[in-house]
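Please look through the model shown here before reading my comments.

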Amino acid sequence: MVTRRSQAMVPGVCTANHMAQEKQILEIPDFLTVRELADLMDATLIEVMKEFINNGIMASINQQIDFDTAAIVADSFGFEARPETPADAAAEVDETDLPAWRRLYEEEDPSALQTRAPVITVLGHVDHGKTSLLDVIRSSRVQEGEAGGITQHIGAYQAEAEGRLITFLDTPGHEAFTAMRARGAQGADIAVLVVAADDGVMPTTREALAHVRAANLPVVVALNKIDKNNANPELVKQQLAELDLKSDEWGGDTLVVPVSAKTEEGIDDLLQAILLVADEIDILANPKREAAGTVLEGRTETGRGPVATLLVQNGTLRTSDVVVAGLSHGRIKAMFDHTGQQLKEAGPSVPISVMGLDEPPHAGEMFEVVKDIKIARTMVEERRQEAAEAANRQVVGPSLEDFFSRFQAGEAKELLLIIKADVDGSLEPVVNSVETLGTDDLKVRVLHADVGDITEDDVNLASVSGAIIIGFNTRPDSAAARVAESLGIDIRSYSIIYKLIESVELALHGLLEPEYEDKVIGVAEIRQIFRVPRVGNIAGSYILQGVARRNAKARVVRGGEVLAENLGVSSLKRFEEDVREVRTDFECGIGLANFDDIQEGDRIEFYVRERVN
């Protein structure tokens, strides 16, 4: 524990530019972090970091500094540094909060809840063997169906281990997992992260883990391909520890299970690990209520019509039940399990293929049982209207500026960040610095951090998690920029580390204001003036570049000097027709609101206000 100074702070002492008349005594330990030094002096992190830079010292917020270095900076803030006394050096260890696993179905009567089979999603790098692992579990631990032992591939199946069932989602990867979450579905209870023992952690592995953490799922690691000669399990465990997946063998709380999909070694151990985690998090459901759950897949089959694969997560689904799933509805005519057996009912955690819906639903939609077809039709119609209205509304996602207000309103409990940097040397200090900015009540959590451009996958992760994307010396690629604009995702780009940290710190205190700048979108040259009675001068113009827009602002430039700006566009016409915009190499007539002082040869610049950092 770092001790604070013995006297009360004199107003105005804590700045490098305003020195107090009388220096205060500041007791400093032999080593402390930049953040701890700022706390001792009641100074902001930004002020302290700037003073380090002024003294030619480059340090991140959680970097350890010695007494002599701290004394130099403390002196700049009006303090006399003295070594910490032994009595003050007794450190106290704060208790670490245990992870609070999401409790399903909290609205249910506790007496009606029963343990259900855990639902598992398997994720990992494309070549690390997750499909082979699923196939081995399916072929060796799944009871054969009655129809000649043919197993249906319905996107999910149940395996048996130690007399208990485990449901596996056979999804193609974390993109599908994220697509489900984008529609509000949780889907799984536990994630199995597959990592090859001969290849180790890959960028796709880190991305998959970020999506799992965004869903707040516990993780079991399947260390696959241990049969290979070049397998190096200990090295991979070290890589996992760097991702905060410290093996239980190393004193951590992550079960890392060596397996081989080729030889089937460790498969029983993996299933046992899954059951151990399931027992820890109390996976419950009420089988006596009407069914609700998630759509895993929707398709149309010849001779059967619309077919949907559903995962029942609560309640029991029965044939003849009326189901609403997104914009689909209908009465269940028949349902089958993954072995092809026809069922009359399916309880919690059971994946089933159903017939009877009017159209295939989308994967990730939530389904529920309703009283009758009339109610189902009404619900679908209301959803269609809501979808149509939403399509016409501009999507605005959470931003760094509005975070504090969302926190005060109870809409956000922590600031989630996705950080991308140009190089590893930049990434680590940025991540370390922002992670220490939070408080006990308001935490900062870096959901995903990696090197490279901001990608579409980063944007999708931000969309389902409500995170803000921060780029340090890197920007979004074209695909990511398009998706971010359509989803209203806030992407912030910085080239100076203390500016980045300052923005996050201000956001945590509700003090960050948006910055705007003018962006020229088009330039027109006036080639002829038309005088229109009771209207004024109309500029017959030719669009030299970009686009002229009716709803943009305009400025008039003559000989390189701006005559007027912030002008409204009162009219924009092509021939006699009013238009919203005119593009490059076309002629048009332009009317400027309350400004007639135009001449042939003048240029009209059209611009819009855009938010920057």
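This is a predicted model: local features need pLDDT of at least 70, side-chain atom pairs count only at pLDDT 80 or more; totals for chains, interfaces and linings use all residues.

1. Residues are numbered from 1 along each chain as its sequence is written, and side-chain values use heavy atoms, with hydrogens and water left out.

2. Helices (H or I, at least four residues) and strands (E, at least two) are DSSP runs, numbered from the N terminus, and two strands pair if DSSP finds at least two bridges between them. An open sheet of six strands runs in the order β7-β8-β6-β9-β10-β11, and its pairing is mixed. At its edges are β7 (156–161) and β11 (255–258), each of which pairs on one side only. From one strand to the next, the twist averages 30°.

3. Within this sheet, strand β6 (residues 119–124) pairs with β8 in the parallel sense over three bridges, and Thr121 stands opposite Leu169 in β8. Helix α6 (residues 203–214) lies across β6, β9 (190–196) and β10 (219–224), and it runs at about 170° to β9. Helix α7 (residues 233–242) lies across β9, β10 and β11, at about 150° to β10. For such angles, axes are lines fitted to C-alpha atoms, for helices over the stretch in contact, and the values run from 0 to 180 degrees between N-to-C directions.

4. Leaving aside neighbours within four places in sequence, Ile166 is in contact (heavy atoms within 4.5 Å) with residues including Pro118, Ile120, Tyr157, Leu271 and Leu275. The C-alpha atoms of Ile166 and Val119 are separated by 6.4 Å, although these residues are 47 residues apart along the chain.

5. A second open sheet has four strands in the order β23-β22-β24-β25, and the pairing is parallel. Because β23 and β25 (491–494) stand at the edges with a single partner strand each, one side of each is left without a neighbour in the sheet. The twist averages 25° from one strand to the next. The pairing of β24 with β25 is parallel over four bridges, and Phe472 stands opposite Tyr494 in β25.

6. Helix α11 (residues 424–435) lies across β22, β23 and β24, and its buried residues are Ser426, Leu427, Val430, Val431, Asn432, Ser433 and Val434. What covers these buried residues includes β22 (414–421), β23 (443–451), β24 (468–472) and α14 (497–508).

7. How do α12 (residues 456–465) and α13 (residues 478–487) pack, and at what angle? The angle is about 20° and their axes are 8 Å apart, and the two helices are therefore roughly parallel to each other, a description for angles under 35 degrees, with over 145 counting as roughly antiparallel, 65 to 115 as roughly perpendicular and the rest as oblique. Glu456, Val459, Asn460 and Ser463 in α12 meet Ala479, Ala480, Val483, Ala484 and Leu487 in α13.

8. Finally, Arg555 lies in strand β28 (residues 553–558) and counts as buried at 11% relative accessibility. Not counting residues up to four places away in sequence, Arg555 touches several residues, among them Asp518, Glu565, Arg603, Glu605 and Tyr607.

Methods. Buried means under 20% relative accessible area, exposed over 50%, partly exposed in between (1.4 Å probe, protein chains only).
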